[in-house]
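Here's a quick briefing for anyone opening this one up for the first time. Have a look at the sequence and the 3D view, then read on.

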Amino acid sequence: MKITDLMIQETMIMDLQATTKDEAIDELIASLNQSGRINDPALFKEMIYKREAESSTGIGGGIAMPHAKTKAVNEPTVVFAKSKQGLDFEALDDEPAHIFFMIAAPEGAGNTHLRTLAALSRLLVDSDFIAELMNTNTPQEVSALFDAKQAEAAEKEAAKEKAKAERVAQASSTESGANNVKNNSGVIVGNANTEEFVVAVTACPTGIAHTFMAEDALKKKAQEMGINIRVETNGSEGAQNVLTADEIARAKGVIIAADKNVEMARFDGKPVLQRPVSDGIRKSEELIRKAVNGDAPIYRSQGSSAKDEGAGDSKISVGSKIYKDLMNGISHMLPFVVGGGILLAISFLVEQLGGSDNPIFKLLQTIGGEGAFHFLIPVLAGFIAMSIGDRPALMPGMVGGLMAVNSNAGFLGGLAAGFLAGYVVIGLRKALKGLPKAIDGLKPILLYPVLGLLIVGTIAYYIFDPVFGALNTWLVDALGNLGTGNKVLLGLLLGGMMAIDMGGPFNKAAYTFAIGVFTSSGNTDGAWMAAVMAGGMAPPLAIALATTFFKSKFTEQERKSGLTNYVLGLSFITEGAIPFAAADPLRVLTSCIIGSAVAGGLTQLWSINVPAPHGGIFAAALANHALLFLLAVAIGSVISGLILGLWKKSPTLVK
């Protein structure tokens, strides 16, 4: 499609009068409205500012490209404007913007919005062309320049495709083209002259929200940058869009935006960036640029004989590394928590109705408590260890976790055993590095398991049991002896933490703490689970209430998304509120934290106990005061919903 098919002359502004970013946006929108290209200026303006809130569309080089895709648009349109004096558009290079392209795309336009952005970006990299645009005086001159430039670009692309086709044909006939890149089996896996191409993997512990937000952000940014990308997601239903060996071989670099472990051996020998999943959402351009440039350590898998040049991005902080290792353990532990915990909670309900001799009660206790729940700490410790030391650390970590379960060390001892096992294996690799290469094959199957288990087991037996056992006993006793006032304060804290980052480190810290007390107290004390569950249910329910009762404060798309938050909130899936928090973090997070804290505090004020680690409303019936638990959730949700609804500005006032 020609850009001038969308860049109609009647909307062009050859002498923009605005002196600020807000004035420029208003002037550009006014041009769209006057030409009849939009039907709701207020809604369109809201969507423009929503996009600006994510990151400035002042792309640098004197160019700004504000854009929105909304039902407020009648026809896809690009408004061209020039400012002789220039103005501050919060550009990425901090330089004033002189040339503006406001892109308006209707909801039913498919990918027109993004295709137009990509087309414009490809044309605007030529500084000489930008200078020519600055010298235009009439809309006709602007259109002529774009038509000529796009025709020239099309000719170059056609020539490039023709040359590429000729190379492929030649390679197919000779099976030895000079540009072909082959693997060890002689199979063609790429071409040295291929266009820029990167691959990525996104993953988060629960795989519900962050995984797919990072996928979307990387795809959009890559399209804006004109770079080909394939993204594999490791979500709640497993890996999707799995990368092929050919795609990995052709990629210039690999992006791992994940807070849990992903399968890494396939990336042996490739430049690999390993970052938190949040960087995939917020720093997608930086990651893609580094991957394209190969600006990343070369990854070497455990079985590689080549020298290890690094397994990740050297810029990962110690805190981020610890968090990633912990989240890897928690993500693998969650199925045991949910499955075993719900069955265990149901067994308590059966016990109340049929007594402790009821066969169904005994069956559920065996499956949930003695079965799944018995694996919580070993699985947690094992996969923390594996995140640090790869597969050789899995077994010592799980055994260390099991020793913690069978002693008084409990949850805290299991955590320590996981980290210990991981770093013990790393230490063994370094210590045994000088052994003859002839016995390299024995290291992962004999030396690492035996020595790792011996070291971890000995330390767990003589140190972890007495130290963490005493600490764990003190913690459980201290929490059990808290007065009502102190319990309420801790409930406020845990509930509020669930809403701070909605699935991030604070949320997981509160949830992990409650799980630790839950397991350490013999699987009977669900007081803190009540606090975190109520605190986690409140944010999405608050969003749902606000979008229902304050409709004028939200767009139609937000109102539709708000309805789904009723289900997510009732199911204890806090991540449902994330899109709203990303669009308006101050108002959404503040209101949600207040309501979640109130909900958590009320559960402790009313001495509510929920003997289940997950389930939301489905676990409410298992609480000792089910109606009070639901009331605590309702009060917290209503408070957050009211604060958000009253505080949020109407679309016409959004800036």
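Which residues have the most contacts inside the largest nonpolar core? They are Leu 494, Tyr 511, Val 532, Met 533, Met 537, Val 610 and Phe 629, in a core of 39 residues. Before going further, note that this is a predicted model, where local features need pLDDT of at least 70, side-chain atom pairs count only at pLDDT 80 or more, and totals for chains, interfaces and linings use all residues. Residues are numbered from 1 along each chain as its sequence is written, and side-chain values use heavy atoms, with hydrogens and water left out.

**The chain as a whole**

- Of the 655 residues in the chain, 51% are buried; buried is under 20% relative accessible area, exposed is over 50%, and partly exposed is in between (1.4 Å probe, protein chains only).
- Take the contacts between residues at least 6 apart in sequence: 70% of them join residues at least 24 apart. Contact here means heavy atoms within 4.5 Å.

**The nonpolar cores**

- A nonpolar core is a set of buried Ala, Val, Leu, Ile, Met, Phe, Trp, Tyr and Cys residues joined through side-chain atoms within 4.5 Å.
- The largest such core has 39 residues, and helices H10 (318-354), H12 (376-389), H16 (484-500), H17 (505-520), H18, H22 (617-620) and H23 each give it at least two.
- H18 supplies the largest share of this core, nine residues.
- Another core, of 26 residues, lies apart from it, and Ala 18, Leu 32, Ala 64 and Met 102 are among its members.

**H18 against H21**

- Helix H18 (residues 527-549) packs on helix H21 (residues 585-605) at an angle of about 145°, with the axes 8 Å apart. Those axes are lines fitted to C-alpha atoms, for helices over the stretch in contact, and angles run from 0 to 180 degrees between N-to-C directions.
- The two helices cross in a right-handed way: a crossing is right-handed if the near helix is turned clockwise from the far one by less than a right angle, and left-handed if anticlockwise.
- On the H18 side the residues include Trp 528, Gly 535, Pro 539 and Ile 543, and on the H21 side they include Val 588, Cys 592, Gly 600 and Gln 604.
- By class, this contact has 11 nonpolar, five polar and no charged residues. Ala, Val, Leu, Ile, Met, Phe, Trp, Tyr, Cys and Pro count as nonpolar, Asp, Glu, Lys and Arg as charged, and the others, Gly among them, as polar.

**Residues inside the helices**

- Ser 637 sits in helix H23 (residues 626-647) and is buried, at 2% relative accessible area.
- The side chain of Ser 637 reaches the backbone oxygen of Val 633 at 2.8 Å.
- Beyond its neighbours within four places in sequence, Ser 637 is in contact with Met 537, Ala 538, Leu 541, Ala 542 and Leu 545.
- Leu 541 is in helix H18 and is buried too, at 9% relative accessibility.
- With neighbours within four places in sequence set aside, the contacts of Leu 541 include Asn 565, Tyr 566, Val 633 and Ser 637.
- Gly 601 belongs to helix H21 and is buried, with a relative accessible area of 4%.
- Gly 601 and Leu 494 are 107 residues apart in sequence, yet their C-alpha atoms are 8.4 Å apart in space.

**A strand residue**

- Asn 234 is part of strand E9 (residues 228-235) and counts as buried at 12% relative accessibility.

**Positive phi angles**

- Most residues other than glycine have a negative phi.
- Asp 390 is not a glycine, but has a positive phi of about 70°; this residue lies in the loop between H12 and helix H13 (394-406) and is partly exposed, at 27%.
- Ser 607, in the loop between H21 and H22, also has a positive phi, near 55°.
- Gly 294, which follows H9, has a positive phi near 65°.

Methods: Helices (H or I, at least four residues) and strands (E, at least two) are DSSP runs, numbered from the N terminus. A polar contact is a pair of N or O atoms within 3.5 Å; within protein, one must be able to donate a hydrogen and the other to accept it, and residues adjacent in sequence count only if both atoms are side-chain atoms.
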